[in-house]
Amino acid sequence: MPITRRQLLCRAGVLAGVLAAGCTPLRMAFRPSPGQLHGEGGTADRVLAAFVRTVAPRAAGSTEDLVRVFDDPQYPFAPYRAFFASDLCRRAEDCFGATRFDSLTAEARARIVEDGLHGDAVARRLYGGAIFLAQVAVYAGIYDDVRGGRAINFDGANNGFAPEALTYPVPEWYLPAASSLDGNPN
Amino acid sequence: MRVVKTDVLIVGSGFGAAAPALRLSQAGHQVIVVEKGPRIDPFRDFRQTQDPAYIRRYLKGLSGERINLTYAEALGGGSGFYEMVSLRAPSAAFRQTDTRGRRLWPKTVDRAALDPWYDLAETMLHVEQIAPADVPKTGLVFARMMRELGYSCDRARYAVRGCVGSGFCVTGCVFAAKQSLLLNYLPQAEAAGAEIRTSLEAVSIRPLTDDREAPLRGSLRVIPCRYEVRCRPTQGSGEGVVFRARLVVLGGGTVGTAGLLLRSKREMPLLGRHVGGHVAFNGSVKAAGILPERLPDGDLFTGRSHPGMISYEFLESHGVTISAVKPLPLQLMAGARLIPEGGDPSRDWWGERHAAFLGQIRTRLMILYAIGMTPPAARITLDKEGHPHVHLQVDGALSTYAQSVKQLLESILRRSGCRLVHADLVRADGTPYSDLHFFTTHQVGSCRMADDPDRGVVDPSGEVFRYPGLYVTDGAVIPSSLAVNNSLTILANAERIAAGIVARHSAGAAVASAEAEGSRSHVAARP
């Protein structure tokens, strides 16, 4: 029996919805803040901190310090924060049968991150962006002027350095011929 | 809106604006400076930080097609945040031509013409060549690499007194050692009577007269106000101001000045088609490598931001100068995905192996940076909301340039025994660019100087064609890439233009200086 145009459009819409349901954007729309991460104070934070320790293993500091970048209004990640934490847990369950990403070993967590980076386009962007933010926060030490970025031996704020820290004796060993007398070739 | 009358209104307070502010004030003219960004106290407001909120307060980005521009919006413009490298542009920069073989610079403006003004600018900023005993470790190691390959390398010149090597030049020197304009030109201008108003943005310019024939000369007191500049506050909900000025000097930078003139085109229909065009950008190319064991450690994070050495060896052959780079970690992390040669590009930019690699970069990573005489191929336009947008036309020549310079840098690294490090340049969200993309803080030329209005926006004296009394003195007038940091050339050229304005309008002046007269020949030829 022929179907009406309205029925065709309706079925096509349902089909499109079913096809899209496996994709990240729709999951984000339907599950922006899944129940498993509600009512458990700090669960999302612990998941995200584990993520940071996975992608930047030398990260130090409290859970609060490690996840601060994901809420920072300077960066656009906050709306995706809860979804991202739940997506890590979902992948942990799919891959390892674990309910929580932060309960996995470092190796297993790295597998989950790789899984996300090989997901659909939105997942790739989400995971790539989260890694980028974690690295900026951890290695650049953006939240602690004094500590700097210890993971890469960056001193942070300082009062200057002694000459032996700044340069080497016998600069003549290093310096080649110059093209000018004063540093301003014509 | 309140209406304020003044002899001279200067828009901006950076390298292009500070010289006219000082010289015109010293000449006894009533000068008001408006600056879009906030006031900065160089003894109190700078921080040794990588806090993005702090950095974004002063440094702005314009992300466009194939090119990103970074510029400052603050009192003193970029001078508070630059690396204090202060070099004269080599003569080769002034000899550059366009695709039709025409010289990019006006006939009367070259290295020799600018040298006296470079002298003056260097004196004002206390510019000195770095002593051999002060060259930072990374600079020395770079120099050693060049020496072993038989290449020359020069000690660079800096605007600094009493550098302690804290390494935070680009977030503002908390020791007030770096000679930003906040320590010389601007306080001296205020002492000479200039009034500086910050957090006030010039929105549009309108001529108050249709008289475009007579070149302006003589005492400013007998010249009526010729331009009206509408300004709005950028902080708080204060009242806007309308300035009426006898002369207006635009020094808001390559982006700011182009934006202002583009927004004013309806009121200034004779501005011509070159506004916003011909943006040059010192096309930068980078390559990185891990030092071989035989070479001593560098130090990316200690000592002045620019590591002290620059090589002109490849200026003639490749059109570039080469330096080493000492980025702050934030610049490094936010700029590129670093993957050592032989690593897995899909995996080794995060995780344990990446962390181990980053653990050695402070002392063992050598980043080479070439800046070159790339053509003025970018353009600034306005979107529907009046915000600036930039796009770069990448042609085969530019692609070839980028490829050949990259090969040159990698060759230097390889022949020095370095293990190359692959660097994927990334967007603000961390995703890599797939196409050739340039990043620069060296943009110039959106309102370039030219010998005639068919080729540019201002004449060699800095005056806008067909709009007497309206000057541009900032990087926007510089017609070409320079292959060295721009700040000293912008300042020297602004000093030159300011001297011309002063000569033209000194009390009782009937004729301009010979220099200014010669460069203003087009005025007499106007119909």
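The structure is a predicted model, in which local features need pLDDT of at least 70, side-chain atom pairs count only at pLDDT 80 or more, and totals for chains, interfaces and linings use all residues. Residues are numbered from 1 along each chain as its sequence is written, while chains are lettered from A and ligands numbered from 1 in the order in which they are written.

Three strands of chain B form an open sheet with mixed pairing, in the order β3-β4-β20. Strands (E, at least two residues) and helices (H or I, at least four residues) are DSSP runs numbered from the N terminus, and two strands pair if DSSP finds at least two bridges between them. Because β3 (59–63) and β20 (438–440) of chain B each have a single partner strand, one side of each lacks a neighbour in the sheet. β3(B) pairs with β4 (residues 67–72) of chain B in the antiparallel sense, over 5 bridges. In this pairing B:Leu59 lies opposite B:Ala72 of β4(B).

A hairpin is formed by β17(B) and β18(B), with 5 residues between them. Strands β17 (residues 378–382) and β18 (residues 388–392) of chain B are antiparallel and share 5 bridges; B:Ile380 has B:Val390 as its bridge partner. In the turn, B:Gly386 has a positive phi of about 85 degrees.

Between the chains, 48 residues of chain A are in contact (C-beta atoms, placed from the backbone, within 7 Å) with 57 residues of chain B. On the side of chain A that touches chain B, α3 (43–55), α6 (106–117), α7 (121–140) and α8 (163–166) of chain A each supply at least two residues. The largest share, 9 residues, comes from α7(A).

Definitions and conventions. Contact = placed C-beta atoms within 7 Å.
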